[in-house]
Amino acid sequence: MHCAQYTAGNCRSCQWLDKPYPQQLADKQHHLEGLLSGHGVSQWLDPVFGRENAFRNKAKMVVSGSVERPLLGMLHRDGSAVDLCACPLYPASFAPVFAVLKTFIARAGLTPYNVARKRGELKFLLLTESTSGGELMLRFVLRSETKLAQLRAALPWLQQQLPQLAVISANIQPVHMAILEGEQEIALTEQQSLLEWFNQVPLFIRPQSFFQTNPQVAAALYATARQWVRALNIDSMWDLFCGVGGFGLHCADTQTQLTGIEISAEAIMCAQQSAKKLGLKNVTFAALDSTHFATAETQVPQLVLVNPPRRGIGAQLCEYLSQMAPEFILYSSCNAETMAKDINLLAEYRIERVQLFDMFPHTSHYEVLTLLIKG
C-alpha cells in the first residue's frame, strides 16, 4: 500500500507499512504463538485477513487550521497538523465527503479548536459508514454548546449536499485533554442509528456505541465464533462486554438462552434492537458492568463468551470463572498480551483452538479468538 504522507514522514500511524504484508501476518502469528507457548494448543488455525487498504468504515479526524481553511487529520505533539483526507485506509467514498465538510465548517462558522491557545469550538469530526447500505453517521465533537445554534441552522445545506448522511449528532467535550468525546450527545437528526448487516445478522450503530472498524474481517470473526459455538451444541451462554451484541446474536439460535452484558447503555439499545429484528425471544441484554454482573450470578451457563477492552477481563473475573466453571469459555481479544495473562489464571481450562484475525493491517495490532474447554 502506498501512502504519500507516510513516504513524506508526516504520518507513521501505520508503523509496519514498509514491511511486506505476508511478513506482517507471519510476525503477528509468531508473536501470538510466543504468548501462548506455555500452553498446549490443540489446534492452530491459519490467520484470517482482508484488504490491505480502504478497509476502514470509520474516520476520526482532528479539526485544525482556520475556519476558512480547515484541516482534517491529526496533530503532532509540536502542534503541526497533517491533513489525512486522502488516507488510503479510508474507502473512496470518504474523500468527497471530507471536501464537502471543509466547506460546511466555513459556512457554519465552526472555528477549529486550537490546542495551544485553548480557543475555538470544533475539535473532531467522526464519520462512520454502513458498508451494507452506504448510509453515513457524522458526529461533531464541540468544546461547548456555543456554536450549536449555528450548526443546526447550517445543517439543511449539508444534508442537501450529502443525502447519505442519515445520522448526525453533536458531542460536547469541554476538557482540554486528548479525549475523543464527552458524555453529552445531542441528536441533530431523528434517525440515531445506522443499520449494518454481517452474515445475515442486523447490527445497529449508534453515536456512542463501539463498533469494529474493519467490517470485512469483523464479519469473518463473527462467523467463525458462530461456527465454533454451534458445534458445541450448547443451550445457554453469556456474552460479556457484548458491545452491540455481534457475538451473541451470531452464536444464539431460537432455543439458546443468551444473556448479553455491556456497560454502555447506547450499545445495549443497539443489541436489543437487533434481537427484536431477528425475532429472538430467549435473549436478555442489560447495561451493567460485566465483572459485577458475573460475580453476582449463581446460575452457570454452558458457555461464557468474553470480548473485553484492551485491559482484558482481569483477575477478579478470571477467579470467578474458575469457580463457576462453565464448560466452555470463548475469548475474543484485541490485546493478546492481556488475554495470555488471563488464560494463565484459568488453570482448569485447556486451549482447544486459536485463530488470529488481522483487523489492523500495517500495525502490530490484531484480534484473536480462543476456545477454552474445562478439564
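**View 1. C3 in the segment before α1.** In this predicted model, C3 is found in the segment that precedes helix α1 (4-7), where helices (H or I, at least four residues) and strands (E, at least two) are DSSP runs numbered from the N terminus. At 14% relative accessibility, C3 counts as buried, a word that stands for under 20% relative accessible area, with exposed meaning over 50% and partly exposed in between (1.4 Å probe, protein chains only). Leaving aside residues up to four places away in sequence, C3 touches L17 and P88, contact being heavy atoms within 4.5 Å.

Residues are numbered from 1 along each chain as its sequence is written, and side-chain values use heavy atoms, with hydrogens and water left out. Because the model is predicted, local features need pLDDT of at least 70 and side-chain atom pairs count only at pLDDT 80 or more, while totals for chains, interfaces and linings use all residues.

**View 2. C14 in the loop between α1 and α2.** C14 lies in the loop that runs between α1 and α2 (21-35) and, with a relative accessibility of 12%, counts as buried. Residues up to four places away in sequence not being counted, C14 touches M1, Y6, L89, H362 and T363.
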